[in-house]
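The points proceed from one chain as a whole to selected elements and residues, and then to the contact between chains.

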Amino acid sequence: MNRQRPRLKNGVDLQLQSAFQDGNWPVVIRLAEKRAKISNDQYYEFLKICAESQLDDPSTKFAAVAAVWKHVKDGSTIKDVEAIELMEWATTNLIDADDFAETLGPLRVRAVKASPKDKFAATRCLESCLLHWDLASAQQTSPLTTPDKRKLYGTLAQKQIERAAQAAEQAQDSNEASSKAPSRRVKTEEEVLLLYDIVETHGTPEDFRKLISSSIFSPVVQFRRGRKEVVMRAIAKFSRDGDWPAVFNLCNDCLSDCDADGQLTLLASDIAMWRHIITAASHMKETNPDSTNVVQKLLAKLLSSSHMRPMYRRNILLARVLAVFSLGPSDESDLTDGQPSSLRLRELIRYIDDQYTSPACFSDVKSLMESLDAAGLKYLAFDHLPKLAEVDSNDFKAASTRLLAHKTQYLLLTHRKTKYRDQNQQLKCTVCDSTVESTLCQTCLSQLSQACVTFYSSVIKSEGEKPKINAEIMPELAILIAFCSLNLAFSEDQARQSLKPQATRHLIRALLLLDDQLAQNSGHSQLSLVLTQLHIRLGSGARASDIWDVIGVKRTIIDSLGPIFYDRLSTISPALLSTYDSWGSHLMDLLQSHYVNSLKLRMHQRLIDAFESGSYSSVVGIPQYIESLRSSGTRAMSLAEARRIERLLGQPSRELESDPRFNEVNDDTDLTQTIDYGSFPSWNSRTVQPMHLNLRLGPGPSNRRCHLSMLAEAFHELLTYKSPASYKASAGSSEYDHVFITETLARLSNSFPRFLAGPDDEMTQPELCYFETISLLCTLMSLCIDFDRSSDITDALHQTTDALSSSLENQQSQILHSEKPSIERTLTMLGSMHNIAMLRDSTVAIKLAAQWILSHNEKEKARDRSGKSSLPKELASKIKDLQTAAEKSIKEGQAWIAELKTETVSRDFEPKLKKWVLEDEDAIKSILTMDSLPGLIDSWQLNVKGWLQVKWA
Amino acid sequence: MTTFRRFRPDDVNKFSKCNLDPLTETYELNFYLQYHAKWPSLFQVCEDSEGNIVGYIMGKVESSPDAYKFSEHYLPWHAHITALTVAPEARRQGIGKILVEQLEAAADTHNTWFMDLFVRSSNAKAIAFYKELGYSVFRVVKDYYGEHATDPDKDSEDAFDMRKSMKRDAKHEHVRADGEEHEVHPEDVW
């Protein structure tokens with residue numbers, strides 16, 4: 001917490017003021033002491049203490065902290081609120097944020113109680129307590145820990161606000177002008193929302209019913225005043241209660257609302273509102289069949305509104321289709337004799353015919369198209385939309401409709417509905433009727449790829465509306481061709497972790513095509529995001545960073561988008577993020593500064609603004625968001641990535657324990673994953689995995705993985721920590737070290753199993769092996785520390801060492817597929833950097849742990865000549881073997897990197913690669929310019945060069 | 001398929017469709033929270049059916065500091081559009097217009113005299129958009145922007161301060177037809 005130096009209070013002489021502002025602490029101490037004696041003003045005593053706390057002398061550094069604790073324990077009151085401000089400033093970073101509620105919080109409350117009429121003191125107390133999230137002191141109550149107390153305060157809040165609501169109702173009933181001075185009333189939208197919140201949380205169902213039928217506060221009356229939020233609150237409550245008639249009537253009232261001229265306002269015509277009324281009608285279909293007619297009439301009425309905007313029209317047209325899908329017949333075949341027969345398909349076609357030129361048309365109807373039967377969807381994809389494209393004479397319109405047709409075909413091909421088992425139990429494709437081996441039909445995908453490539457080539461050759469087509473059609477078309485290629489890659493490689501050479505070839509082709517397109521459309525977000533993932537997946541971190549930098553992910557959006565680029569990047573390109581280098585420093589700063597800036601205080605400063613402005617929904621919303629940001633998986637990931645880079649490059653920074661990303665988290669903290677994939681092309685059917693999940697290196701930063709990563713970093717720090725050179729160990733300090741190591745290992749041994757238990761799909765296989773290895777090492781070290789030959793743990797130790805050996809072998813086996821030097825072997829290794837990094841971390845951990853155990857064993861042998869507390873020879877030898885195996889693995893890793901360097905810088909690497917990429921039949925080859933190949937090779941070479949900086953031991 | 005509603009803090013986790021567009025700046029969290037805290041009804045978003053934010057508008061209500069009360073550049077109680085953005089894929093659907101109209105309705109609730117905004121003088125599309133909504137140039141702020149958006153040879157660019165009367169200004173006393181003739185300097189703008 002870097003807080004600005006406070007201003008001294010009015011009346012302090014200029015000499016002391018300037019010494020304080022200049023940070024001339026010895027002078028401040030001397031002058032403050034003098035003033036304290038003369039004036040007998042408590043303020044100067046505290047000023048002196050605060051100045052002492054600024055000195056480097058460790059004996060005075062904690063003077064302010066000691067003074068605070070003394071006053072708290074004495075029960076004495078510091079009446080001067082400005083003196084408390086000084087103390088708060090002087091103890092920043094020295095008193096733990098969590099201790100505020102036991103130190104400065106109570107002191108502030110005492111000051112307020114001592115001067116109840118001092119509004120300044122009260123306001124400052126409230127602000128400070130809120131920003132430190134000390135709610136008990138903020139309310140000047142004891143903590144609301146018991147249900148009784150919570151109920152009491154809830155009831156008090158309800159009574160207060162209901163009284164204010166009644167005052168508003170009474171003022172309306174009586175003639176307002178004649179009424180005497182009104183009591184506090186509920187007036188603003190924020191106050192109405194607060195009223196709803198309190199009555200919903202603390203009131204009875206009867207209280208809520210009374211509220212929604214109020215002549216002032218009913219949702220419909222509020223809606224007519226332009227307050228839509230109240231309506232949405234009421235709908236949410238009715239839906240939770242299953243009160244569908246209430247939802248239906250409220251939506252109906254709002255949707256049919258008219259202005260003073262009798263014109264429909266359309267203010268409620270959001271898709272959310274339409275969904276609510278359609279859902280309610282579907283629940284009421286049996287009991288109130290007329291509800292469907294009401295919805296249809298409403299839709300027709302709104303479509304004729306004179307206030308229409310394209311957006312509202314689109315919402316209403318789509319609501320009409322949604323209504324048919326939800327309320328219409330559900331047992332009809334979509335196609336009869338090759339023609340649309342169901343009402344839903346006909347209604348959907350009507351919508352598409354109206355909206356097909358909108359860039360959002362595909363995403364608007366995607367889920368509806370997926371609800372059709374396979375024949376209906378096939379008709380749209382291969383019959384209706386291609387015909388629609390032929391009708392257009394305008395080049396751009398024709399091209400965009402053709403693209404829409406191809407995207408729909410792609411959706412069809414990725415849908416599980418298009419596969420069925422015949423009488424011989426063979427999986428068949430309904431589109432081409434051929435036998436298939438997986439969810440995706442390779443024949444169909446190749447044909448679609450061919451059709452898109454033909455389209456792509458024809459567009460390149462055409463002249464009409466070139467800039468518009470290049471900017472709006474070509475990037476999506478290139479992505480579609482790339483997706484066909486990528487689906488071929490992933491359908492062949494079910495394991496998804498390490499790519500086989502043929503799959504790698506598909507990925508490189510897709511990458512080259514998309515890089516070509518990005519050169520034409522710099523900063524295109526969809527191209528950039530897919531390419532970032534592709535480059536990282538192929539081990540080309542440098543090019544990924546160039547692309548990432550252009551799209552400008554920074555500040556507030558780093559939390560939701562950061563993992564797309566940074567997650568596991570330390571395992572692919574550690575040197576890229578080195579803070580010793582300006583580019584790496586820039587990239588790491590983009591990732592980390594958001595948390596430093598936004599989480600300076602326990603609670604965000606803007607909460608005070610919300611209080612001052614009477615924005616009650618923000619008073620509730622801001623703390624919720626800040627808490628979620630504090631426990632964000634991306635924040636934890638930023639620490640794990642930074643620490644791994646420092647370890648790999650041998651660039652240690654500050655201690656892990658002093659990092660708030662580490663010390664604010666305990667095993668019970670739920671680290672939440674928030675990744676915004678909204679800007680990725682979402683074209684796969686929902687019955688298969690989205691492409692961005694296929695492309696990423698592994699699962700996102702889940703709670704389990706984040707915790708395991710931090711525990712692993714704590715383990716490495718334990719074994720690699722070196723005291724600062726200035727630190728002189730005192731006699732007996734080795735005993736403290738021993739206790740510290742024992743306790744840390746016990747804590748880690750306890751925490752690891754908690755997070756290791758769970759599904760394997762929350763991390764990559766090498767990560768799982770790595771975390772298991774460290775967990776086993778914690779157990780092994782704990783058992784060896786206090787080894788006692790009389791206890792029967794030798795078997796357990798043997799089993800643990802065996803498990804560690806197997807884990808190491810397992811990780812080694814995941815790296816290479818081909819033994820002979822070849823372009824395939826080089827590319828496989830370039831795409832296996834994550835596996836290599838995890839193996840490196842495991843082997844280093846094993847080596848360090850084995851060294852530590854053996855050294856500890858030697859000490860024990862020297863200490864206890866009886867040999868009872870030292871390891872049996874056989875076990876010690878097994879641990880030595882483990883160390884040898886780790887050292888061998890380290891050498892192997894170093895040799896791989898050396899080999900990669902030789903291969904990637906060799907003259908024939910580029911021609912060999914080019915030849916290899918263009919081998920085999922694939923439509924995409926005809927449109928690859930190969931202009932982006934040198935960039936990819938440069939990026940790989942840079943990556944390998946960076947890996948040469950990695951410390952292996 | 002969209003819904004218009006108030007901004008909520010966790011909407012920033014769904015900003016990518018708008019903020020990855022090079023024309024939209026991403027600010028520190030403090031900036032978004034300031035608007036959410038002080039003027040929650042003037043920070044509106046438009047979300048698609050997947051919950052992605054495809055447009056948003058940030059506004060505020062204020063007047064110039066009292067110290068400038070007698071200055072010719074003093075601004076009485078008014079609303080201001082700080083930011084308006086619509087994701088590329090959601091453009092040409094009238095989303096921007098709806099967002100501005102909703103802000104105008106909120107400005108009327110706050111009983112403001114007028115709504116104003118700043119736009120680069122080279123941003124013809126935005127100027128046309130606001131003119132269509134009834135805004136007119138009130139004054140030209142010379143060299144307001146540090147760099148020119150379209151001409152790399154120029155090291156600054158003028159801003160148009162555009163205005164539209166709200167209901168309170170029934171006589172249109174706070175707008176003028178010849179605003180492009182009125183030039184002021186950045187130091188006259190608070």
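1. In chain A, 69% of the contacts with a separation of 6 or more are between residues 24 or more positions apart; two residues are in contact if their C-beta atoms, placed from the backbone, lie within 7 Å. The model is a predicted one, in which local features need pLDDT of at least 70 and side-chain atom pairs count only at pLDDT 80 or more, while totals for chains, interfaces and linings use all residues. Residues are numbered from 1 along each chain as its sequence is written, and chains are lettered from A and ligands numbered from 1 in the order in which they are written.

2. Chain A contains 45 helices and 4 strands; these are DSSP runs numbered from the N terminus, helices being H or I of at least four residues and strands E of at least two. The C-alpha trace of chain A spans about 100 × 95 × 60 Å along its principal axes. Of its 953 residues, 44% count as buried, where buried denotes 20 or more other C-beta atoms within 10 Å of the residue's own, with C-beta atoms placed from the backbone.

3. Helix H40 (residues 794–813) and helix H42 (residues 833–863) of chain A pack with axes 10 Å apart and at an angle of about 155°. Axes are lines fitted to C-alpha atoms over the stretch in contact, and angles run from 0 to 180 degrees between N-to-C directions. H40(A) is therefore roughly antiparallel to H42(A), a term for angles over 145 degrees. The crossing of H40(A) and H42(A) is left-handed, that is, the near helix is turned anticlockwise from the far one by less than a right angle.

4. Which residues of H40(A) and H42(A) meet? From H40(A) they are Leu804(A), Leu808(A), Gln811(A) and Gln812(A), and from H42(A) Met838(A), Leu839(A), Ser842(A), Thr843(A) and Ile846(A). By class, this contact has 5 nonpolar, 4 polar and no charged residues. Nonpolar covers Ala, Val, Leu, Ile, Met, Phe, Trp, Tyr, Cys and Pro, charged covers Asp, Glu, Lys and Arg, and the others, Gly among them, are polar.

5. Leu385(A) lies in helix H21 (residues 374–391) of chain A. Leu385(A) counts as buried because it has 22 C-beta neighbours inside 10 Å. Residues up to four places away in sequence aside, Leu385(A) touches Leu380(A), Thr401(A), Leu404(A), Ala405(A) and Thr408(A).

6. Chain B has an open sheet of 8 strands with mixed pairing, in the order E1-E2-E3-E4-E5-E7-E6-E8; strands pair if DSSP finds at least two bridges between them. Its edge strands, each pairing on one side only, are strand E1 (2–6) and strand E8 (183–184). E8(B) pairs with strand E6 (residues 136–145) of chain B in the parallel sense over 2 bridges, and Glu183(B) in E8(B) is the bridge partner of Val140(B).

7. Leu75(B) sits in the loop between strand E3 (53–62) and strand E4 (78–86) of chain B. Leu75(B) is buried because 20 other C-beta atoms lie within 10 Å. Beyond neighbours within four places in sequence, Leu75(B) is in contact with Ser63(B) and Ser64(B).

8. The contact between the chains takes 46 residues from chain A and 43 residues from chain B. Elements of chain A that give two or more residues to this side include helix H11 (189–202), helix H18 (310–327) and helix H31 (582–598). The side of chain A that touches chain B has 14 nonpolar, 18 polar and 14 charged residues.

Conventions
Buried ≥ 20, exposed ≤ 12 C-beta atoms within 10 Å, placed from the backbone. Parallel < 35°, antiparallel > 145°, perpendicular 65-115°, else oblique.
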